[in-house]
Amino acid sequence: MNNDLTAFEKIPVSIFKSSEEASLSSAREIAALIKKRQAEGKHAVLGLATGSTPTRVYAELVKMHQKEGLSFKNVYTFNLDEYYPMQPDSLQSYVRFMNEHLFNHIDIPRNQVHIPDGTLPKDKVADFCREYEQKIDSLGGIDIQLLGIGRTGHIGFNEPGSSEKSFTRLVTLDQMTRIDAASDFFGEENVPRKAITMGVGSILKAKQVIMMAWGEGKARVIKKAVEGPITDQIPSSFLQKHTNCHIVLDDAASSELVRIKTPWLLESIEWDEVKIRKAVVWLCQTVQKSVLKLTNHDYMEHGMGDIITEYGSAYQVNIKVFNYLQHTITGWPGGKPNADDTHRPERATPFPKRALIFSPHPDDDVISMGGTFIRLVDQGHEVHVGYQTSGNIAVFDDDAVRFADFVRDFNEQFGLSKGDGEKFYKQIVKSIHGKGPGENDSPEVLSIKGLIRRGEAKAGGRYVGIPDEQMHFLDMPFYETGAVKKKPLGEEDIKITMDLIEKIKPHQIYAAGDLSDPHGTHRVCLAAVMEAVRRLKDKDWMKDCWVWLYRGAWQEWDIDQIEMAVPLSPDELMRKRRAVFKHQSQKDSAMFPGSDKREFWMRAEDRNHATAQAYNALGLAEYEAMEAFVRYKF
C-alpha cells in the first residue's frame, strides 16, 4: 500500500467493499490461528465481542466448523463485557447472544468459555474481575481480541474517560451508549446503568487486536480513532499504541478517512469525473464559495493543481461540474414526456412508468421519499409500494391495548359477538401486563401491532393517491421474530422480493440505500432487493428497469454522490409531512428513535432542507427542499 495515502492513519486499516467480505477475512484470520495452534498441540485464546458488528464473523466460523471441520476444542474464549445486573437467559444477555450466534453451533468445551457474570452480588464483582484477569494471564494472554467500536469511541464498555491502564471492572454506562442500546431493551428506561467490562489495559495486553466497523454511522468515530490524537475521550484511540492492531472496515465506515475523502491532499491521483466532482464540491465547502466562483488559486492551494493542468483553467472545470450538478435536478422523477432527456437523470420513455418503491418499514416510503412518491403519482405513473417488514415491534403496548379496546367497543356498538371482544381484550391486557421489560410480545399482541402499522401504511398510501391493490405487504420472514434480534436474510425473503418484482415488472425500483440504520433492518432489506435484482437482471423487461436508491431518516447522500435531486415546494413538503403523520404510532415518540431525539418527520424535513441549501450554496437554484437519489447500476 502507498505510504503517502495512509500518511494520516496511525493504525493499519484494511477497507473491504462490504461488511460480508470484511467479516470473512477476519474469520479466516481467526481460523488460521486456531489451526496453527492445533498443529502445534497448543491452545488458542480469543477475546470476543458482541453487538451487530461481529455476527457475520461468528456465522463464518460456524460455517467453517460445519462444512470444513474446523474444531474449537483447543480454544478458550473471554468475552469483553456484560450488562450488570443481567440474567444469562435474558433476551439482552451476552451469554445468550454468544450461545445463539456461536457457542451452540460449535464443539468448544463449555468450561473453556468465559463471560462476565451479571448475576453476582455487587460485593463479589471486584473479586470476580481480578480472577477474570488472572484466568487470561494463566492461559498465556489473549491471542486475538475482536472489537467493535461505539459512537462514543468506546471499546468494550470503556466509556470516554477510561484510562489506558484500566482492567476488568464494573463501570457506569455513558448516556449515548444507553440510548444506542435502547432498541434492544424496548426503551431506554429498561437499559441497565452499569456493566462489567474488560479494561483498555486488558485489551492492549492482547497479542493481536482486530477492530471492525460497518456503515456510515461509524465513519466519523473511526476517523477520530485512527487519525486523531490519543485521548481518553476516544478510548479506541489508545489502540494507536498497540504494536499489532488492525482496523477492518467496509467502504461506508471508511468514508471519512483522508485517503478516501480527500486523497488529493496526500499525493497526485488519477483524476476521473467522479473524483473531480467530489473534489470540487469539497473545495466549495472548504473555501465557502459557489462552483462558478472558484479560482485557479483555490485549486492550487488545496492540492488540486493537477486538475487545472489537465483542463487549462478553473473556469473549464467549474463549468463542467456546475453543468453536471444542474442536470441532476429534475421535477420529473419518472421522466418528462415529450422532452429531450439527454441531460435528464431519468428517461422520457416509456411514459407513464410502473414504479415499485421498497419500504423497509411501513413508513420509510413517505419519510424518505414522500415528496417524490407524491410527484410520481401526480404525474400519472403507476406506483406500487412493497412494505418489506411489518414493523410490529416498533409499536407501544398502549397502542395495542387501545386497539383491542376499540374491537371490544366496536363489537358491542354493532351487535357483534360482545363476549368474544371482551375475552380478546382481557387476553391482550393480561399478556401485556405479564410481560417483563424487554420480553417478547405474544403472537396475538404482535399481530395487533402489525395491523396497526399496516393500517397506517394504507392511510399514507391512500393520502398520496394510490389504490389499496398497489400496496403490497411482504412481511419478510427474517424480521418476524418478535424480538429486536432478527434472523439472517434467507432464501424465502429473496423469493418474496423476486415474486413482487416479477409480478409488477417495473420500469423503476426505489430502495432504501442507507446503511446507517442502527437496527440493521434497512441493510437486510437492501440486500434482499439487490440479490433479487441480480437474479432477475437477464429478464427482457428487467433490462429496461432502473434502480434508484434513497436514504432514510438517518443520513443523506453527499452532494457529489447524488444523481437525481427532486425539488419540493413548500406545499409539497407539507403534503409529505401529512403523509408521514398518517403513521400515528410513530408520531411524537417512536419506539426506536436511535440517538436523534427529533421525530422522524422533523429529521426528514431538516435533511431535505439541508440538501436544498447545499445545492444553493454551490450556486444552483434555490429550492425549499430536495430529496436525493443515487442510481444502482447492475
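**Reading salt bridges**

User: What separates Lys426 and Glu422 in helix α15?

Analyst: About one helical turn, because the two residues sit 4 apart in helix α15 (residues 418–433). This model is predicted.

User: What do the side chains of Lys426 and Glu422 form?

Analyst: Start with the general idea. Side chains of opposite charge can pair when their charged atoms come close. Here, Lys426 and Glu422 meet in a salt bridge, at 3.8 Å from N to O. That falls within the 4 Å cut-off.

User: Is Glu422 buried, exposed or partly exposed?

Analyst: Partly exposed. Its relative accessible area is 27%. Buried would need under 20%, and exposed over 50%.

User: Which parts of the chain does the pair Arg577 and Glu605 link?

Analyst: First, the contact. Arg577 forms a salt bridge with Glu605, and the closest N and O atoms are 2.7 Å apart. This pair links distant parts of the chain: Arg577 is in helix α19 (residues 570–581), Glu605 in helix α20 (residues 600–617), 28 residues apart. Arg577 is partly exposed, at 23% relative accessibility. Glu605 is buried, at 8%.

User: How many residues apart are Arg259 and Glu9?

Analyst: Again, take the contact first. The closest N and O atoms of Arg259 and Glu9 are 2.6 Å apart, in a salt bridge. The two residues are 250 apart, with Arg259 in helix α8 (residues 258–261) and Glu9 in the segment before β1 (13–16). Both Arg259 and Glu9 are buried.

User: How many salt bridges does a search of the whole structure find?

Analyst: It finds 44.

Key:
Residues are numbered from 1 along each chain as its sequence is written. This is a predicted model: local features need pLDDT of at least 70, side-chain atom pairs count only at pLDDT 80 or more; totals for chains, interfaces and linings use all residues. Side-chain values use heavy atoms; hydrogens and water are left out. Buried means under 20% relative accessible area, exposed over 50%, partly exposed in between (1.4 Å probe, protein chains only).
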